[in-house]
Amino acid sequence: MLKVENHILLPGFETNTWLLWDDESGEALLIDPAAPSEELLSRIAELKLRVLNIVNTHGHADHIGGNKFFKSKLQAPVMIHPADAGMLVDNKKNFSEYLGAPLETMAADIMADEHTQLKLGTHPITLLHTPGHTPGGICLLAGKFLISGDTLFELSIGRTDFPGGSHSQLIRSIKEKLFVLPDDVVVCPGHGPRTSIGMERKNNPFVR
């Protein structure tokens, strides 16, 4: 069975770092590690998980700040969509320089797109390219869980006023890639509480 839990590693940004795993095989993905965290590392050890990949849903600083720490501790490769890969090695593009806390940059190990095949145990993980918040934004569909990054939130959507953002493209991504999913798919966003596809399709005021 697939399980998921979120960890807040970066106070002030309230970014959800998601730990997704298969409880039979113990295989896991660490998604959007916002900052280094010994506590999360201990949680992974407590669950006896083997993290196969560190996945960035996009390249903004509050979603990638823990990449280097967790890669060194877990020996897991970092994945990002090629359209956002440059953000991992340019602190102006990932905004950490403007925030006054430039990151120790590190290139991705794997370029991930919709053809990338991931699996946790017997469970396939589907990558959905959902540009709009950033050009290389992705979501991960794992059974009834959708890790949506900053594409879709509870009754809201990702910002599109940053460089590389596009409101029309984001709305198209949500309608064509996410709102075609079943109502009971649980949305696990980059910020804020969980929601569902059915809830957002019916009530999200930004997507009409």
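Predicted model: local features only at pLDDT ≥ 70, side-chain atom pairs only at ≥ 80, totals over all residues.
Q: Where do the side chains of a strand point?

A: In a regular strand, side chains alternate between the two faces of the sheet. Now take strand E10, residues 145-149. Phe145, Ile147 and Gly149 point one way. Leu146 and Ser148 point the other way.

Q: Is E10 mostly covered or uncovered, and how many of its residues are buried?

A: Strand E10 is mostly covered. Of its 5 residues, 5 are buried. That holds for the residues pointing either way.

Q: Which strands pair with E10, and in which sense, parallel or antiparallel?

A: Take the partners in turn. Strand E9, residues 138-142, pairs with E10 in the antiparallel sense, over 3 bridges. Strand E13, residues 186-189, pairs with E10 in the parallel sense, over 4 bridges.

Q: What do E9 and E10 form, and how many residues lie between them?

A: They form a hairpin, with 2 residues between the strands. Look at glycine 143 in the turn: its phi is positive, about 60°.

Q: Why do residues some places apart in a helix point the same way?

A: An α-helix has 3.6 residues a turn, so residues three or four places apart point the same way. Now look at helix H3, residues 67-74. Its buried residues include Asn67, Phe69, Phe70 and Leu74. Seen down the axis of H3, the buried residues fall within an arc of 165°, so they line one face of the helix.

Q: What covers the buried residues of H3?

A: The cover includes strands and helices. Among the strands are E3 (27-31), E4 (50-55) and E5 (78-80). Among the helices are H1 (38-46) and H2 (61-64).

Q: Which residue just after H3 takes a positive phi?

A: Glutamine 75 does, with a phi of about 55°.

Q: How many disulfides does the structure hold?

A: The structure holds 0 disulfides. Cysteine 139 is in none. The cut-off for a disulfide is two cysteine sulfur atoms within 2.5 Å. For cysteine 188, the closest cysteine sulfur is in cysteine 139, 11 Å away, which is too far for a bond.

Q: Are these cysteines buried or exposed?

A: Buried means under 20% relative accessible area. Cysteine 139 has 0% relative accessibility, so it counts as buried. Cysteine 188 is buried too, with a relative accessible area of 0%.

Methods. Residues numbered from 1 in each chain as written. Heavy atoms only, no water. Buried < 20%, exposed > 50% of the residue type's maximum accessible area, 1.4 Å probe, protein only. Pairing = 2+ DSSP bridges. Arc of directions from axis to C-beta. Contact = heavy atoms within 4.5 Å.
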